[in-house]
Amino acid sequence: MLITPAFAQAAGGQASGASMLVQMLPLVLIFVIFWFLLIRPQQKRMKDHKAKIDAVKKGDQIVTGGGLVGKVVRVDDVYVDVELAPGMKVKAVRGTLSDVVDPMTAKPAND
């Protein structure tokens, strides 16, 4: 009991708007860092992927979400007909396509 109640009250008596700003600044800084390092690049990737899938046309080589690789035979608003082998066609939902493969850079499957 060396500290009297009067000294204890004077030590923590000041609270101002500036101290609240100093307390919130690290949280705002963390959010800004997350925005530029995680959220913004992910949104850009999603936008590019959607544009690539929306641009699918007949003759493109695609990869489905299940890992099947084939050539697009017919394109609809919702579905895509994919030829996996000569004479073997399947219908895939357009939203499940994961990639459009450039035939010039793709390696043949048997190499």
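This is a selection-by-selection tour of a predicted model.

Numbering starts from 1 along each chain as its sequence is written. Local features need pLDDT of at least 70 and side-chain atom pairs count only at pLDDT 80 or more, while totals for chains, interfaces and linings use all residues; side-chain values use heavy atoms, with hydrogens and water left out.

**Whole chain**

Start with the chain as a cartoon. Its secondary structure comes to two helices and five strands, in the sequence pattern α-α-β-β-β-β-β. Helices (H or I, at least four residues) and strands (E, at least two) are DSSP runs, numbered from the N terminus. Switch to a surface: the chain exposes about 9,200 Å², of which carbon and sulfur atoms supply 66%; accessible areas come from the Shrake-Rupley method with a 1.4 Å probe, and for residues only the protein chains shown count as cover. Of the 111 residues in the chain, 13% are buried. Buried means under 20% relative accessible area, exposed over 50%, and partly exposed in between (1.4 Å probe, protein chains only). Among the contacts (heavy atoms within 4.5 Å) with a separation of 6 or more, 33% are between residues 24 or more positions apart.

**The sheet**

Select the five strands. They form an open sheet in the order β4-β3-β2-β1-β5, with antiparallel pairing. β4 (88–93) and β5 (97–101) stand at the edges with a single partner strand each, so one side of each has no neighbour in the sheet. Direction ignored, neighbouring strands of this sheet are turned by 45 degrees against each other on average; axes are lines fitted to C-alpha atoms, for helices over the stretch in contact, and angles run from 0 to 180 degrees between N-to-C directions. Two strands pair if DSSP finds at least two bridges between them. Strands of a sheet pair through backbone hydrogen bonds, either parallel or antiparallel.

- β4 and β3: the antiparallel pairing runs over six bridges, and Y79 stands opposite V93 in β4. The hairpin has two residues between the strands, and G87 in the turn has a positive phi of about 85 degrees.
- β3 and β2: four bridges join these antiparallel strands, which are linked by a hairpin of three residues.
- β2 (residues 69–75) and β1: three bridges join the antiparallel pair, with V63 opposite V69 in β2. Four residues lie between the strands of this hairpin, where G67 takes a positive phi near 95 degrees.
- β1 and β5: four bridges hold this antiparallel pairing, and I62 stands opposite V100 in β5.

**D81**

Now select D81 in strand β3 (residues 79–85). Is D81 buried or exposed? D81 counts as buried because its relative accessibility is 15%. D81 is the bridge partner in β3 of R74. Beyond neighbours within four places in sequence, D81 is in contact with K71, V72, V73, R74, V90 and K91.

**D60**

Move to D60, in the loop between α2 (17–54) and β1 (61–64). D60 has 14% relative accessibility and therefore counts as buried. What does the side chain of D60 reach? Display the backbone nitrogen of K57, which lies 3.0 Å from that side chain. A polar contact is a pair of N or O atoms within 3.5 Å; within protein, one must be able to donate a hydrogen and the other to accept it, and residues adjacent in sequence count only if both atoms are side-chain atoms. Not counting residues up to four places away in sequence, D60 touches A55, G70, K71, V72 and V100.

**G66 and L97**

G66 counts as exposed because its relative accessibility is 73%. Draw a distance from the C-alpha atom of G66 to that of L97: the two residues are 31 apart along the chain, and these atoms are separated by 8.7 Å. Then show the surroundings of L97, which, leaving aside neighbours within four places in sequence, is in contact with H49, I53, V56, I62, V63, T64 and V80.

**The core**

Finish with the largest nonpolar core, whose eight residues are I53, V56, I62, V72, V80, V82, A92 and L97. A nonpolar core is a set of buried Ala, Val, Leu, Ile, Met, Phe, Trp, Tyr and Cys residues joined through side-chain atoms within 4.5 Å.
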